[in-house]
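Please read these comments with the sequence and coordinates open. They concern packing and the contact between chains.

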Amino acid sequence: MELNFHKEEFSLAYVHAVVAVAGYVFQAAPRQVDMDGVDVLVKETSGRRSSLDIQIKCTADNSILNIDKLSYPVKISTYKRLSADCITPVILVVVLVPKTIDKWILFSEEELSLKGCGYWLSLSGYPSNYNRESVTISIPRSNIFNVDNLCSIIEKVSRGEGL
Amino acid sequence: MKVNLHTAEIIKAISLDGFAQHLAQSGWEKRRLIGNKASVWTKNHGDDESEVVLPLNPESSDYLIRMWDTLNVLENVDGLSSEEIIMKLASAKFFARSGMREVISLRLFVDELNKTELDLHILSSSLRYLQATLYSIGQVKIGLNSKGGRIPQMVMDSTRLSVISTFPGSSGIRLGTTQQIMQGELFGPPLSTQTFKEFAELVNESLSVEGLREKATSLKTRSASNYKKFLSSVSLADTAIEVDWGSPFDESGLKVMLPAMTIKSAIQVLDEIVEEMPEQVTTSGILIGGNKRNKRFEFNSFDGEDYTGTISEEIIKNGRVMTLSSSYTAIIEVIWENTTSTGESNARYKLLDLIPFEFS
């Protein structure tokens, strides 16, 4: 199996775990075709029934990690999609995993531990970029994709606030 | 919802107006708008409430994923498969491209009159005159007149319609040419495409008096007359009609909605055109028969056409001499009548004048 496949599946599992604990519905988009670059739909089951789209990337390249931010290159098509005006807000989640796959997961009778960390960013309102290939974006290291942050993102969406 | 490589194309082919109508008919209520980007619809079932988001613009950057999500919810809540919804709501363009043929969808908005059914005779006569209109436009496009006004076989073969499907829950029917467009024809629009384009433009021009007058005149009296009969049949339903033309050619296709009042105005304009512009044939030949008492004539033109019909009052009043077996130049009015159930029309002839023919 290709390493990229492992990364895709692992990062989906990471996001799924966070969404499940936060109490929202996790819905994976079909992967056979490109569904506007969306990998996961997250939905509230009550209240205003807010929803959020997520595009997930996974990397084992820890050189992107700086003191206070991640410098992550995205394809220009991804940048355009994530910064475009859309019906449902969309965020990018970059899951940074250890270099070797045998370090990605730890388990025992007491715990299952996913080794790695997801960082999120909304590119809504980002300016047009005329690069041909890719754009390097900066994600604050404080933007960890965890249960608390996901809940506050959904609350903001619910109030109609920008991310 | 099963997803394959065609899913994106199929979703893009869904008519959003039709989708909103489908939601309303299926018990969904429009609750709010998300700016000018989407509408939010909800439906109660038991203690639960479901919600779907319907984009307002197919160009939205998340159009596909929203539509996919909405189709999934409808599958679960309404028990209607995505395939069924797509068959009902996909645009004519989608069926044209997948079937490699010209497609026209007609939709009559009878539900706006709180009706759930459409009288059979309205639908049948509308379809009959739609076919007749396409035949006569096809004949204009190839520029050939044939004996007795009969539609040339190649026009009939290219523009004959068959029913692809009907729209459940509303009065709509999707029609396609029986003949497929061959691969080689894709280099230039074939007769069927040219004919359907003219028809769609004729419908579109019906929104304005001047536009209709110009377009109908360019398509000749027979087309104007058949189109008038088509609109007259539709107007019996007293509702708007939507005509959606789809073609396998990328740049081709047109969707037009004609409100009931516009249809009535268009019929008046077409009436005037048909009256102002009777089709006339001027031809030379031999007078075979002429009877002023029963006002009948028979004339064989030198180019092989036979004309049999009535003699005008003017010829009789003017005491015009009619010598049998003599050569004349005849001016003959042609009146088209749809007499068969296939949409073909027959010509009736009226002799307007006879001028002695002199061989040079």
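The numbered points below refer to a predicted model.

1. Chain B. Of its 360 residues, 39% count as buried. Its secondary structure comes to 12 helices and 13 strands. Among contacts in chain B between residues at least 6 apart in sequence, those joining residues at least 24 apart make up 63%.

2. The contact between chains. Chain A contributes 16 residues and chain B contributes 19 residues. On the side of chain A that touches chain B, the classes are 10 nonpolar, 2 polar and 4 charged residues.

3. The largest nonpolar core. This core has 103 residues. Those with the most contacts inside it come from chain A, namely A:I91, A:L92 and A:V93, and from chain B, namely B:I104, B:A216 and B:L270. Helix α3 of chain B (residues 63-78) gives the most to this core, with 7 residues. The core lies between domain 1 (7-89) and domain 2 (93-276) of chain B, because both give residues to it.

4. Surroundings of B:L270. Leaving aside residues up to four places away in sequence, B:L270 touches B:A216, B:A224, B:Y227 and B:K228. B:A216 is also listed with B:L270 among the core residues with the most contacts.

5. The second core. A separate core of 11 residues includes B:L287, B:F299, B:Y349 and B:L354.

6. Helix α2 of chain A. In this helix (residues 76-83), A:Y79, A:R81, A:L82 and A:S83 are buried. What do the buried residues of α2(A) pack against? Their partners are four strands of chain A: β3 (51-59), β4 (69-75), β5 (90-96) and β9 (134-140).

Key: Residues are numbered from 1 along each chain as its sequence is written. Chains are lettered from A and ligands numbered from 1 in the order in which they are written. This is a predicted model: local features need pLDDT of at least 70, side-chain atom pairs count only at pLDDT 80 or more; totals for chains, interfaces and linings use all residues. Two residues are in contact if their C-beta atoms, placed from the backbone, lie within 7 Å. Ala, Val, Leu, Ile, Met, Phe, Trp, Tyr, Cys and Pro count as nonpolar, Asp, Glu, Lys and Arg as charged, and the others, Gly among them, as polar. Helices (H or I, at least four residues) and strands (E, at least two) are DSSP runs, numbered from the N terminus. A residue is buried if 20 or more other C-beta atoms lie within 10 Å of its own, exposed if 12 or fewer, and partly exposed in between; C-beta atoms are placed from the backbone. A nonpolar core is a set of buried Ala, Val, Leu, Ile, Met, Phe, Trp, Tyr and Cys residues joined through C-beta atoms within 7 Å. Domain bounds come from an automatic or database domain assignment.
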